[in-house]
Amino acid sequence: MEVARRDEGLARRARTAARGRYHPGQGRPLSKPVNGQDIPGEAVNFSYDWLKAQPADPDAPLTAIRAAGGSGRDRDQEAFEEIGSIIGEQVVPSRIAAALYQAAAKIPGVVLVQHSQDAAGRDGIALARVDEQRGARTELVFDRSTYAYLGSRGVQIRQEGETEPGTVVERTAVLERGVVNGQKERPAGRRTA
């Protein structure tokens, strides 16, 4: 499953690049937290280290996410998608995960969906927002009792080419996660692909 999540992350970046937001190799330096603060002049990369150095206040990560966003699209949509990428593609400290969920809920246009399913068919609640440019609603799906992130779902809400309203255009599921000591290590007990 780790490989599938990594592939989905790459696919998400490719989709984002197609929309003009992500340009690999463009020379944006990565930041490293210094006592919870970013090094001046460096772009935030929202790594685990950066996240754990943040306060559990939802306004702090939301401000940083908005500041790191591009300038061409809907800034609120960019912030919502970035939060989805952060919680979907890495382990997030629990107090910061809660702050990110609250931050997402503060974004204008975000609504609560009582029933949504991830790609594994698990039913949960979701925070959702419509991307007016693409005519699709993105749902971040959470377990309704533990609020653990389950995955995401995208639903087309208006006709786009041959894609009809109501069509599920994207679904992901996080089935397991693991922590390792270094790059290219695999969690113990996992099979290699």
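The legends below describe close-up views of one predicted model. Residues are numbered from 1 along each chain as its sequence is written, and side-chain values rest on heavy atoms, with hydrogens and water left out. Because the model is predicted, local features need pLDDT of at least 70 and side-chain atom pairs count only at pLDDT 80 or more, while totals for chains, interfaces and linings use all residues.

**View 1. The open sheet of five strands.** The strands, which are DSSP runs of E of at least two residues numbered from the N terminus, follow the order β1-β2-β3-β4-β5 with antiparallel pairing, where two strands pair if DSSP finds at least two bridges between them. Because β1 and β5 (168-173) stand at the edges with a single partner strand each, one side of each is left without a neighbour in the sheet.

**View 2. The hairpin of β1 and β2.** Strand β1 (residues 111-117) runs antiparallel to strand β2 (residues 123-131), and five bridges join them; Ser-116 has Gly-124 in β2 as its bridge partner. Five residues lie between the strands, and Gly-121 takes a positive phi near 85°.

**View 3. The pairing of β3 and β4.** Seven bridges link these strands in the antiparallel sense, and Leu-140 has Ser-152 in β4 as its bridge partner.

**View 4. Helix α5 and its buried residues.** Helices are DSSP runs of H or I of at least four residues. The buried residues pack against α2 (48-52), α3 (59-68), α4 (75-89), β2, β3 (136-142) and β4 (149-156), contact meaning heavy atoms within 4.5 Å.

Terms used
Buried means under 20% relative accessible area, exposed over 50%, partly exposed in between (1.4 Å probe, protein chains only).
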